[in-house]
Amino acid sequence: MDPIVSTRGLAKDYGRSPALRSIDLELGPGITGFLGPNGAGKTTLLRILATALEPSAGSVRILGHDPTDPRARIEIRRRLGYVPQELGLYATFSAFDFVDYVAILKEHVDRRARHDEVRRVLDEVDLGDVRSKAIRKLSGGMRRRVALAQALLGDPPLLVLDEPTVGLDPEQRVRFRQLVSRHAERRCVVLSTHVTEDVEALCDRVVVLHDGAVVFDATPAELAALAAGRVWVADLADDGAHVSWRTGEGRYRMVGEPPPDADLIAPTVQDGYLLLGGGIAEGSAA
Amino acid sequence: MSWHVDVASADRYVARRLDPNGSASVEAHLVSCAACRERVGAAVDSDVLEAVWRGVTDAVDQPALGWLEHTLSRLGCSDANARMVSATTRARWSYLLAVGVSIALAISASQSSYERLFAMFLIAAPLGPLAATAGAFGRWSDPAAELLSTVPTSSLRILLVRTAAAVVPALALTAISLPWIADRGWLAVAWLLPSLALALGAVALSSWTSIERAALGLGVVWVGAPMVLRLRVPELLETFSGPVQIASLGAVAVAVAVTVLRRTEFEWSEG
């Protein structure tokens, strides 16, 4: 089966500053999470996959098309759902009006069928009851769901979500995970996040970017496994740990090279990510 | 409750063959009688019921059109175009404001006897529409610009609809003001064609760079040219009456051609 997204030597420069360096990726159905510090290139990569940004070098194929070809780009856009980092909603529009507007621009021409589709996606994100409310009166979490609703129009096979869980409370985050995982059964969902718990709970695959390059690409379990035997707790902080913090139980949780008699605990995706970050900082990883 | 819907009336009501008075009577009864409601409701074709509910929800969800969108729709404008125009209120008002300021300056300058002031006005006036163009089509004017750069509808079409939405009222405003600026003869409107050329030039150049940068560059060239050429006031006024108009016309043609030829470049969002 052909990948839904594939890139070869993909690069993007802003003037003289490289934002992405030779990215090779193949993405199929399922949820892929992009992790990385600010400035790692996550948003740039997602904007290229959403056809908002032109690559500087390399090749990209999305849904079987080359986005640098104008006609092919339109074909991709017909089958793409995108939630940008900055939502950019019209505050005076109601949730229904806004999603309806995007539906118009997504070529849902027949008014009745379009309205049915708008109601469907708003129901899907649990906003059916507030669809007539002005967006300015909706909470931050509801606005995120309005943005997600417009991305679900037409049931697209590719969903690109840039920091979709920012500003969501824990309950909303769980609902978001349920919604996205339902959609990912047959589709390709690509999301960027800073929240490692989202990656752990939601993603089949995690790609860590650093300084515009891929430094890790495997399953969340494999990312967590990087820290196996290197996470421990103790009553006092160990100066040798890459990172340490005091937990609510009053003990210190540490990631790094443990002392011989350390009280080791099971690692999480966050531990693996932190260790990878520490390794990158020291030039010993990737 | 002294009566119930009889079987014959219920059948005719369900089949939509009951006269309006009879239907109204049945419906009034159904509101207050659960037994009849259940009996008649069970007999109603589910497809018909579905269609009725769709009609109701459609009417409820019908977007509350603003006056502008409503007017455009009544004038035969498509849903898409009317919504595109109404979604960018901020852009339209900024454009009208800039053109309004230019026209106010035109009126005061054309009634001034100072040639230098009038010459300065001719140089300054096109900068208003140029700045407004940058404002109207820059990213700040449309909060959803990033999202809309990824929809299949052509970005050039969105750009042109928004251009028309800004320029048509500006032209109307200019036409209304003509009696007050006609004292200087046709030289009083000699800034209009350069304004159009600069605005369209910025749109065309925005296929390479951001429209804000394009407008800034053109503005600097426009203001700097008379200084570099060391034109005195009489020469400047003479230039405006002929060469500037011809050059502006040429620039308009080039800008339109570039915009058409590079139309696919508008479909990338800015970096």
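This is a predicted model: local features need pLDDT of at least 70, side-chain atom pairs count only at pLDDT 80 or more; totals for chains, interfaces and linings use all residues.
1. Residues are numbered from 1 along each chain as its sequence is written, and side-chain values use heavy atoms, without hydrogens and water.

2. The model scores ipTM 0.84 and pTM 0.76. Within chain B, confidence is lowest in helix 7 (residues 89–110), at a mean of 68, and highest in helix 15 (residues 243–261), at 91. Helices (H or I, at least four residues) and strands (E, at least two) are DSSP runs, numbered from the N terminus.

3. Contact (heavy atoms within 4.5 Å) links 41 residues of chain A with 33 residues of chain B. The two chains bury about 3,500 Å² between them, 53% of it on carbon and sulfur atoms; this is accessible area (1.4 Å probe) lost on being put together, summed over both. A:Arg77, A:Tyr90 and A:Leu105 supply 19% of the area that chain A buries against chain B.

4. One salt bridge is counted between the chains, a term that requires a side-chain nitrogen of Lys or Arg within 4 Å of a carboxyl oxygen of Asp or Glu. A:Arg47 forms a salt bridge with B:Glu146, with the closest N and O atoms 2.8 Å apart. Helix 3 of chain A gives the largest share of the side of chain A that touches chain B, eight residues.

5. Chain A has an open sheet of four strands, in the order 11-12-10-13, with antiparallel pairing; strands pair if DSSP finds at least two bridges between them. Strand 11 (241–246) and strand 13 (263–264) of chain A each have a single partner strand, so one side of each is left without a neighbour in the sheet.

How values were computed: Chains are lettered from A and ligands numbered from 1 in the order in which they are written. pLDDT is the predictor's confidence in each residue, from 0 to 100.
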